[in-house]
Amino acid sequence: MVEEQIIEEVLRRLEVAGPRALLIGRRPADSLGYAFTGHAPYDAVLIGSLTAEQLLQFSDSRVLDALLTGMPVYLYEGGLTYRRHSATANRALWGRLMAAERTLRQWGVRFYGGRTGGSGGHTVITAARARQLLAQKQRPPAGAVLTPMARELLEGGGLS
């Protein structure tokens, strides 16, 4: 809670412009180009971490409201701490956790980062990566998730 207040104060003092995301959980390694906030208004929701219990009982009204209104919701896979127990977890419990992840994907939650390959892993194109693609005159890979800033840059450069 204190960390969120500190982030809010720093952002307010810096007068950060650009898209803002409601941060739920721990701050992820990759912010996808968003400035984090703890309250409305915001342009996206970013879930930085979830425990097994939180996933199995998922009912965060802020996330559900964002999905209902078409707002992007991202989940940082590196923050799914229960995954480190994949080799030792009870198979029935592990199956429920994977089913809960599939449900979030079906609802439209976009998983990113923290895992290479595997099912459901998508490349996330940030504004910095979009600038690199533009400079190299390359298109983003098929199925890539574009942050709003990256989409804007690529559309402006004719590469979306």
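**Cores and buried strand residues in a predicted model**

Me: Which residues touch the most other members of the largest nonpolar core?
Reply: In this predicted model, the largest nonpolar core has 20 residues, and Val-45, Ile-47, Leu-50, Leu-75 and Leu-104 touch the most other members. Two or more residues each are given to this core by β1 (20-24), β3 (44-47), α3 (61-68), β4 (73-76) and α4 (91-107). The largest share, 4 residues, comes from α4.

Me: What is Val-45 in contact with, leaving aside neighbours within four places in sequence?
Reply: Val-45 contacts Leu-22, Ile-24, Arg-62, Val-63, Ala-66, Met-71, Pro-72, Val-73 and Tyr-74. There is also a second, separate core of 13 residues, which includes Leu-23, Leu-46, Val-124 and Val-145.

Me: Why is Ala-21 called buried?
Reply: Buried means under 20% relative accessible area. Ala-21 has 0%, so Ala-21 is buried. Ala-21 is found in strand β1. Not counting residues up to four places away in sequence, Ala-21 touches Tyr-34, Ala-35, Phe-36, Thr-37, Tyr-42, Ala-44 and Leu-46.

Me: What separates the C-alpha atoms of Ala-21 and Pro-41?
Reply: The separation of these C-alpha atoms is 8.7 Å, while Ala-21 and Pro-41 are 20 residues apart along the chain.

Me: Why does Thr-37 count as buried?
Reply: The relative accessibility of Thr-37 is 3%, and the cut-off for buried is under 20%; Thr-37 therefore counts as buried. Thr-37 lies in strand β2 (residues 35-37). Leaving aside neighbours within four places in sequence, the contacts of Thr-37 are Glu-8, Arg-20, Ala-21, Leu-22, Leu-23 and Tyr-42.

Key:
Residues numbered from 1 in each chain as written. Predicted model: local features only at pLDDT ≥ 70, side-chain atom pairs only at ≥ 80, totals over all residues. Heavy atoms only, no water. Buried < 20%, exposed > 50% of the residue type's maximum accessible area, 1.4 Å probe, protein only. Contact = heavy atoms within 4.5 Å. Core = buried A, V, L, I, M, F, W, Y, C linked by side-chain atoms within 4.5 Å.
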